[in-house]
Amino acid sequence: MANYEVVIGLEVHLQLKTKTKVFCGCSAAFGAPPNTHTCPVCLGFPGSLPVLNREALKLGAKVAMALNCRVAEEIRFDRKNYFYPDLPKDYQISQYGQPLSQRGYLLILTEGKEKRIGITRVHLEEDTGKLLHGTGQSLIDFNRAGTPLLEIVSEPDISSPEEAYFYLTALKSILEYIDVSDCNMEEGSLRCDANISVRKKGTKELGVKTEIKNMNSFKAVRAALEHEAARQIETLESGGKITQETRLFDSARGVTEPMRSKEEAHDYRYFPEPDLAPFDFEKDVLRDIKREMPELPEPRRKRFMSEYKLSDYDAAVLVSDKALADYFEKCSSLYKKYKIIANWIMGDISAYMKEHGLTIDRLNLKSEYLTGMLDMIDKGIISGKIAKTLLIDIVRTGKDPLSLVKEKGLEQITDTAQIDQAVADVIKENKRIADDFMGGKQNAVMALVGKVMAKTKGKANPQKVIEMLKESLKGGL
Amino acid sequence: MELNKLTAHGLKHLLDKGDISNIDICNDVLEAIEKKDKALNAIVHFDKEKAIEKSKASKGLPIFIKDNICVKDELTTCSSKILSGFRPPYNATVIEKLLKKDFVLMGKTNMDEFAFGSSTESSCYGPTKNPWDLERIPGGSSGGSAACVAADEAIFALGSDTGGSIRQPAALCGVVGLKPTYGRVSRYGLIAFASSLDQIGTLTKDVEDAALLLKTISGHDAMDSTSVPVSTPDYSLKIKDSIKGLRIGVPQEYFGQGLDSDVKDSVLKAIDKIGQLGAKCEKVSLPHTEYAVAVYYIVATAEASSNLARFDGVQYGLRAKDVKSIEEMYKKTRALGFGDEAKRRIILGTFALSSGYYDAYYLRALRVRTLIKKDFDEAFAKFDAILTPTSPTPAFKIGEKTQDPLTMYLSDIFTISANLAGIPGVSIPCGFTKENLPVGLQILGKPFDEETILKVAYNYEQATEWHKKRPDL
Ligand SMILES: [Zn+2]
């Protein structure tokens, strides 16, 4: 295993978030009753003709630019010919000879280092319909037929299943930043196929590759590639040969298997689409796209490190989710201890969101409420421990932290007399532990602190309690 | 009065004066159809009652439409079994334009299956006969449209022209056939044969009607990306200007071997006549003419092979019964639905696009196509129009060429180049052979300059009587 290296290239199909389909005026929305978003054009009726939706082209160019690709000056389309019932015209309008853009790259972080993964091409095409197989009959839903699809093909620069996972995460993050797609693998708005081969370390020639399909999550991609790499190495080690073929991933069993239908060598007979005349991509449109390009995750991560002095890890976690990073920045304008904001977002807040299946946009937590609460901790009005429950109260009620603290009487006890009494009581009630402490067991004091906190319902300042306990026990019982 | 024998502009005049109603016209047209179409077989989808109903509901002129142009809810089959029963859910753009101007859509005319042919013999409804000689073909593929206009079963008709499919049958039937510039008329709703060559055009009894109908169907269409946003001139006025001083080229390549001597005589006389009318006719060379047929049969069949893929039995038209798999359904449906010529062209086109052959055939054909276009660009730098015969021969006998596709393909030798170059062309009657078969003169023009070729055509027509001759049926 150790003396092999893995070579992976990924092909991602992305549904672009346009209002209408790519060559007709039908709605591109997901989830409508079957065959309600159709017209003669997307049904491929005789005599109908395609007209390019410029919005789809713009979104495609946006992706290309975000992936550092060169956008073609002239836009051309080609026909990809093959018969399939979900393909209304029995050809797909795609881009072949001259794609929308070529030669870009994507940066991933692997083993703490940056790595460039080349992007071969990004091109625009139309999606197919969907086959629904029932008993004894098959039905077709053409709602999806003609929705805009962007194909993003990577160079075989990916050297491990883990890197493939990083590539997809980084890609998804960029796509979310530029807001071009829902990127939902389960709903099919992002699909991924992988090409993988292995070779002995030091060899230059590529091994025979297989194509892996049917992976419905990033984790499934990683698992499928892990299995496939192992299978290929095992086959070669036992003197076997790799067959160039398409294999399907069975996620339940975690294995790849050859596609059962007989693999036909497809000749797609690409040729220029005569119904769409080539045209020059308007320079001002391209300029506008460039100007409106938001800050992308990689530069933002670097800025978070320098501007907010966040660690590499914290910055990476925050920027990987645009909404989370935006939320962090909103808070940072109100509260200047950035590391503390980051800790809360990545700690309690993320945990709560995960538990309840929420995203930051859906979470009922105004940035000024979070920073207001952090202020109260700093001022000693509440303890950090109280803050943890207060946070959940804010989220549940939507009320501001100050009113909640007042309403529930959560203010920290600053009156030393009240704490004095609690300390004295605890020492009296827990003589054995107190003895241990005085006998040299320093840790024992923490058990006493806990008891005092319980007596004061968590409202005492724990630092203060420790001081007072030590003070009381110094002179002996 | 036999109103069916009049031109559209003549009838308009009578309608405007209130001398006749459009019901009168409809009745005369119906009578002519009943009398003659059993013999001609020019019209394939026609419902008399419906036609009368439609006439009553409108004030406009009746028109016939080639069977490859979509009319909402009416049979549109490209004269192919594979589209049997197909009624499109929408109107072609040209149909919308006609309806807006109150035209009455009478019915559909016969054609070669999917416009694959030059004789209207490959129709699944059987061949259309030439009204000048019922043993002969009317030309094709718009043979039905040309024949019904020539036989006065119609006032005028729409056709489509991919390699001469309007001009050649117009020549062979003795009517006026106009193929506009590629991009002048929207192709939306024209069932595609070869998308980069197809263009809808007109078949009329005279040039003025061609001008009138062209004006009606022209204009930029947002539904067709290849339609060009240029304004539509008022042709009917401009064509009446004199042609004095016009520079006209006569390409020597069009007068060589294979040209029927009667056709040649008529065309040369017509050129002389046009010279007498004040135009300056000179020789010109279009050196790549000899490659046109070869280029055409690669480009056109390649596009056709892809355009016709959708006839797979899944959504509409014919579907083979008793099949066990999707592959079997495709194969049986297409084997059953397409005729021999359609199959031949699909196979040719598929081959030309196949990997390993693409560069040698399709790509090379595209390059030569550019050279042919350049020939015309250079010629039109010196000349305002080009005159040629429309067809190398007059109408041939039914069955004469069906067993020899290559000979059949040569019927389009003089018309194909205009489609490859995207330029407009019109064929007008210019004489008869010894056997009393009509001969056509082709006038080619600069892109979007239909005005000039119609002007030449009109001036010639006014100075001659050929267009007034009608077949005895
Ligand atoms: Zn649609």
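**Figure 1. A salt bridge between Arg136(B) and Asp133(B).** In this predicted model, the side chains of Arg136(B) and Asp133(B) come together in a salt bridge, with 2.9 Å from N to O. Side chains of opposite charge can pair when their charged atoms come close.

**Figure 2. Arg247(B) meets Asp384(B).** Here is another salt bridge of chain B, formed by the side chains of Arg247(B) and Asp384(B) at 3.2 Å, N to O. This pair links distant parts of the chain, 137 residues apart: Arg247(B) belongs to strand β7 (residues 247–251) of chain B, and Asp384(B) to the loop between α13 (359–382) and β9 (385–389) of chain B. Arg247(B) is partly exposed, with a relative accessible area of 32%, while Asp384(B) is buried, with a value of 13%.

**Figure 3. A salt-bridge network in chain A.** Look here for Glu295(A), Arg300(A), Arg303(A), Glu307(A), Lys322(A), Asp326(A) and Glu329(A), which salt bridges link into a network. One of its pairs is Glu329(A) with Arg303(A), whose closest N and O atoms are 2.7 Å apart. Glu329(A) sits in helix α7 (residues 322–332) of chain A and Arg303(A) in helix α5 (residues 297–307) of chain A, so the pair ties together parts that are 26 residues apart in sequence. Glu329(A) is buried, with a relative accessible area of 18%; Arg303(A), at 23%, counts as partly exposed. Over all chains, a search of the whole structure finds 58 salt bridges.

Figure 4. Which residues coordinate the zinc ion? The SG atoms of Cys24(A), Cys26(A), Cys39(A) and Cys42(A) do, at 2.3 to 2.4 Å. The arrangement is tetrahedral because the four donor atoms subtend angles of 101 to 114 degrees around the zinc ion. For comparison, the ideal angle for four tetrahedral donors is 109.5 degrees. Along the sequence, the donor residues follow the spacing C-x1-C-x12-C-x2-C. Cys26(A) and Cys39(A) are 13 residues apart, and each is in the loop between β1 (4–15) and α1 (54–66) of chain A. Both Cys26(A) and Cys39(A) are buried.

**Figure 5. Thr147(A) and its surroundings.** Thr147(A) is found in the loop between β9 (138–141) and β10 (148–154) of chain A. With 5% relative accessibility, Thr147(A) counts as buried. Beyond its neighbours within four places in sequence, Thr147(A) is in contact with Gln15(A), Lys21(A), Val22(A), Ala28(A), Glu125(A), Glu126(A) and Asp127(A).

Figure 6. Is helix α5 (residues 143–150) of chain B enclosed or open? Eight of its eight residues are buried, so the helix is largely enclosed by the rest of the structure. Among these buried residues are Gly143(B), Cys148(B) and Val149(B). In the loop between β3 (104–109) and α5 of chain B lies Ser141(B), which a cis peptide bond joins to Gly140(B), with omega about 10 degrees. Asp152(B) follows α5(B) and lies in the loop between α5 and β4 (157–161) of chain B. Although not a glycine, Asp152(B) has a positive phi of about 60 degrees; at 2% relative accessibility, Asp152(B) counts as buried. Most residues other than glycine have a negative phi, and most peptide bonds are trans.

**Figure 7. Cys78(B), a non-glycine residue with a positive phi.** The phi of Cys78(B) is about 55 degrees. Cys78(B) belongs to the loop between β2 (62–66) and α4 (93–100) of chain B. Cys78(B) is buried, with a relative accessible area of 0%.

**Figure 8. Where the two domains of chain B meet.** Domain 1 (3–287 + 373–468) and domain 2 (288–371) make up the division of chain B. Contacts join 36 residues of domain 1 of chain B to 32 residues of domain 2 of chain B, and about 3000 Å² is buried between the two, with carbon and sulfur atoms giving 61%. Ile82(B), Phe116(B) and Tyr409(B) supply 26% of the area that domain 1 of chain B buries against domain 2 of chain B, more than any other three residues. How many salt bridges does the rule find across this interface? The count is zero.

**Figure 9. The interface of chain B and chain A.** Between these chains, 39 residues of chain B are in contact with 30 residues of chain A. The buried area is about 2700 Å², of which carbon and sulfur atoms give 59%. One salt bridge is counted between chain B and chain A: Asp275(A) pairs with Arg187(B), their closest N and O atoms being 3.0 Å apart.

Conventions
Residues numbered from 1 in each chain as written. Chains lettered and ligands numbered in written order. Predicted model: local features only at pLDDT ≥ 70, side-chain atom pairs only at ≥ 80, totals over all residues. Heavy atoms only, no water. Donors = N, O, S within 2.8 Å, 3.2 Å for Na, K, Ca; no water. Tetrahedral: all angles 85-135°; square planar, octahedral: opposite > 155°, others 65-115°. Helix = DSSP H or I, 4+ residues; strand = E, 2+ residues; numbered from the N terminus. Buried < 20%, exposed > 50% of the residue type's maximum accessible area, 1.4 Å probe, protein only. Domains from an automatic or database assignment. Contact = heavy atoms within 4.5 Å. Buried area = accessible area lost by both parts, 1.4 Å probe. Salt bridge = Lys/Arg side-chain N within 4 Å of Asp/Glu carboxyl O.
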